[in-house]
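Here are my notes on the complex, point by point. Please read them alongside the coordinates.

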Amino acid sequence: MATDGRQGFLEQATVGAEPIESPVLPSETKPAVSALTEQVGFLRSRARVIHDDVDSLHRERAFVDWNNQTNQRARASIPGMLNELADLGFAWRDLARLVGVSVPAIQKWRRGQGATGENRRKVASLLAACDMISQSHGIQEIASWTEMPLRDGVSVTPMDLWAGERIDLVFDFASGHVDAEEILTAFDPDWRERYRSEFEVFEAGDGQLSIRMKGQ
Amino acid sequence: MPHDLEYPSGAAGSRWDGLYRARGAEVVCHRPIVTGDVFSKVTVQSIGETKTKTVIVIQHPCAPRADGINLHRRLLVAELRSHSVIPVQDWITGHYAKMPLPDLIPTVTSGKRHQAAFFDEPYLVERGALELDSRIACLSLNGVNLLLRRWVHHNSRVVVPTSTYDGQTSPSYEEADLIEEWCEARMDIEVRQAAAEAVAWLREDGGGGVTRQQMLREPQSRSAVRVQMRSTIRTLRSSDPG
Amino acid sequence: MEEREVYPNAPVVLVALEIRHPTAGSLSVAERGAIKRRLTRHVPIMRMGRMQQLTLLQAVGEPVSLTGSQTHEFPRYFSRDNTMAVSIRDDAVVVETTRYERWEQLRTVLADLIEVRQEIGGVDGVERIGLRYVDEIRVANEQASGSGWASWVDPALLGPAQLGEELGLAVAESQGIMVFTQSADRTVVLRYGAREGYAVNPGGDLRRSTPSPGPYFLLDIDSFWAPGEGTPEFDRKLLLETCDALHAPVRSLFERLITERLREEVFRRGD
């Protein structure tokens, strides 16, 4: 059951000897598949779709954990958080892309110039996601891992998923339990056509990288 | 799809932003000159006359330097002119002789705000004509790939996917990023000296008989080079006197 | 038909339509396969789901005890990109999507689903129809907290937030619920409030975009119909007309609850 560890307000109320009538809440239209969090509905549902396997439960739990860890990380200074990300090996341009700002903005933050609370949270959420991926799935060089294509011949990387606001797919890929093709399809149903290329990059005779037709 | 020219992706509010790494006051002098850099007030030689124009470097990313530090004596550039915003769908179906540069100068509201590079107006310029003080924009990696794709298509009518260009341009772009970062950290010495220091370091063996520069060709090795570089810079700074 | 603007950056994260009916028999393997073939153009991937029903009892001063538990299996059909699912339980059919664009698109899937369910397995009537829109309104703005949400949503949704702030009490989160009735058998329930994290967990079986976790304003509009008397027939025409009627007030209510600034600066930023 997805929870952030807190009880809902209905359970936390101060109680005396006399019972206080709770309001009768209206019936709810219930999705069958979607994981409405306990933040919605205000009434603990008595019926819930249970997951086919433990992985699904973990996946749901991951987002609650991510939120909590983001809150933890957001207590640090933004230059400190950026330095941690730099020490993991991330490129500034990739961090800028993930946060949704320009590289110069990142450079300003590094020098101590202020970032909005929203951007501070975004940086914190990057660090928190790195923590989770490393700790839960044993991925050691996380920056390197984010730059490697999900599949040979298709230039989509975990960085691209992340920048496309599909951290759910990043977590899935990190878990190793979801097929790369399934992830690619979830990200872009047209990926087979979009990333098809008759060309390849190779090292030419002068040592520089060149482009040629495949199969040559 | 891979046979079409592409356009910048992203939400409309940020799509044009994604073309650029830096514009206007964001552009820093210590970044090496690379493909896609835009310079104003550049002296170009036309037929029988000298003119001053705003230009963009269209020399291939692997080609601008003879020795890794010094630019070639002459570089290929294309002229920029004011141009209305070209809708994204039209990037695919037309304007093949141009590279649109919408919101190039976001601080103005006049017609100069949006521009385009005209591939039919190429020039060779002396390297000295590209003064770092007059650089007004640097393209993002995605912007450089789009530029190259359109430039090559203009010349040969061959369409190469942007993702393929990325495999070719990203090592050079990464190198430029690292040199910029090195120079910024080494503001205590002259920029040319810092850049030379960075290039020398990149050409050292990074492990296993492969130079760090060569390691940049492999996406999974780049982060290791970044980590090493940042550590090296910290050591250099802590060992500097004063 | 009224022209409705489609926002490029709409906040809707889930739309679910549920039709409850008297308990029907479980579907056989052959019936599940037949439904899959009939719905394949929308939701070609079939998976089984399980619903656990728990009965809890809590007396005053006593801990909660579990007095009953039942587990039911039912087929679920997914789109290839896992953004839409159709579920066929013993007591309800549900179509839900995390990639909602227009009512007409969802209605097309619903129409096919109703037709298929009428023909395969058989359903004796309808007990409740509900159409629910869950919105997570996120703005990249320092002021989107407490009474600061007044720039983005109708201040009526903020209750005593400003009053509390004047007394030095910061709003940590808020929950509100308003029940509107349109007629004896139609109700609209609005759940709303300043929250944090997600209203729809991105780790669920339906995929959705995943912004960084953080503050958002929930607008959860549940428009439902329940017959006052009797159990009407599971009739395609009736069901679709009722769903159209349930859809009608949702957009109007949503538009009245948001500000023009939110439309311009957030919803209209997009492709």
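This is a predicted model: local features need pLDDT of at least 70, side-chain atom pairs count only at pLDDT 80 or more; totals for chains, interfaces and linings use all residues.

1. Contacts first. Two residues are in contact if their C-beta atoms, placed from the backbone, lie within 7 Å. Residues are numbered from 1 along each chain as its sequence is written, while chains are lettered from A and ligands numbered from 1 in the order in which they are written.

2. Confidence. The predictor gives the complex an ipTM of 0.89 and a pTM of 0.82. For chain C the mean pLDDT is 89, with 97% of its residues at 70 or more.

3. Domains of chain B. An automatic or database domain assignment supplies the bounds. Chain B splits into domain 1 (12–160) and domain 2 (168–239). Their C-alpha centres are 25 Å apart. Between them, 14 residues of domain 1 of chain B contact 13 residues of domain 2 of chain B. The domain 1 side has 10 nonpolar, 3 polar and 1 charged residues. Here Ala, Val, Leu, Ile, Met, Phe, Trp, Tyr, Cys and Pro count as nonpolar, Asp, Glu, Lys and Arg as charged, and the others, Gly among them, as polar.

4. The contact between chains A and B. Chain B supplies 26 residues and chain A supplies 27 residues. On the chain B side, the elements giving two or more residues are β1 (20–23), α4 (162–185) and α7 (219–239). Helices (H or I, at least four residues) and strands (E, at least two) are DSSP runs, numbered from the N terminus. The most comes from α7(B), with 8 residues. By class, this side of chain B has 11 nonpolar, 6 polar and 9 charged residues.

5. Chain C. It holds 5 helices and 9 strands. Their order from the N terminus is β-α-β-β-β-β-α-β-α-β-β-β-α-α. The radius of gyration, taken over C-alpha atoms, is 20 Å, close to the 18 Å that the globule rule gives for 271 residues, so chain C is as compact as a globular protein of that length. That rule is 2.2 Å times the number of residues to the power 0.38. The C-alpha trace of chain C spans about 60 × 55 × 40 Å along its principal axes. Of the contacts in chain C with a separation of 6 or more, 70% join residues 24 or more positions apart.

6. A residue is buried if 20 or more other C-beta atoms lie within 10 Å of its own, with C-beta atoms placed from the backbone. In chain C, 37% of the 271 residues are buried. A nonpolar core is a set of buried Ala, Val, Leu, Ile, Met, Phe, Trp, Tyr and Cys residues joined through C-beta atoms within 7 Å. The largest has 161 residues, and those with the most contacts inside it are Ile56(B), Ala198(B), Trp152(C) and Phe217(C). Helix α6 (residues 117–137) of chain A gives the most to this core, with 8 residues. Beyond neighbours within four places in sequence, Phe217(C) contacts Ile137(C), Trp149(C), Trp152(C), Val153(C) and Ala194(C).

7. Helix α4 of chain A. In this helix (residues 92–99), 6 of the 8 residues are buried, so it is largely enclosed by the rest of the structure. They are Trp92(A), Asp94(A), Leu95(A), Arg97(A), Leu98(A) and Val99(A). These residues pack against α3 (78–87), α5 (103–110), α6 and α8 (158–163) of chain A, together with α4 of chain B. Just after α4(A), Gly100(A) has a positive phi of about 90°.

How values were computed
A residue is buried if 20 or more other C-beta atoms lie within 10 Å of its own, exposed if 12 or fewer, and partly exposed in between; C-beta atoms are placed from the backbone. pLDDT is the predictor's confidence in each residue, from 0 to 100.
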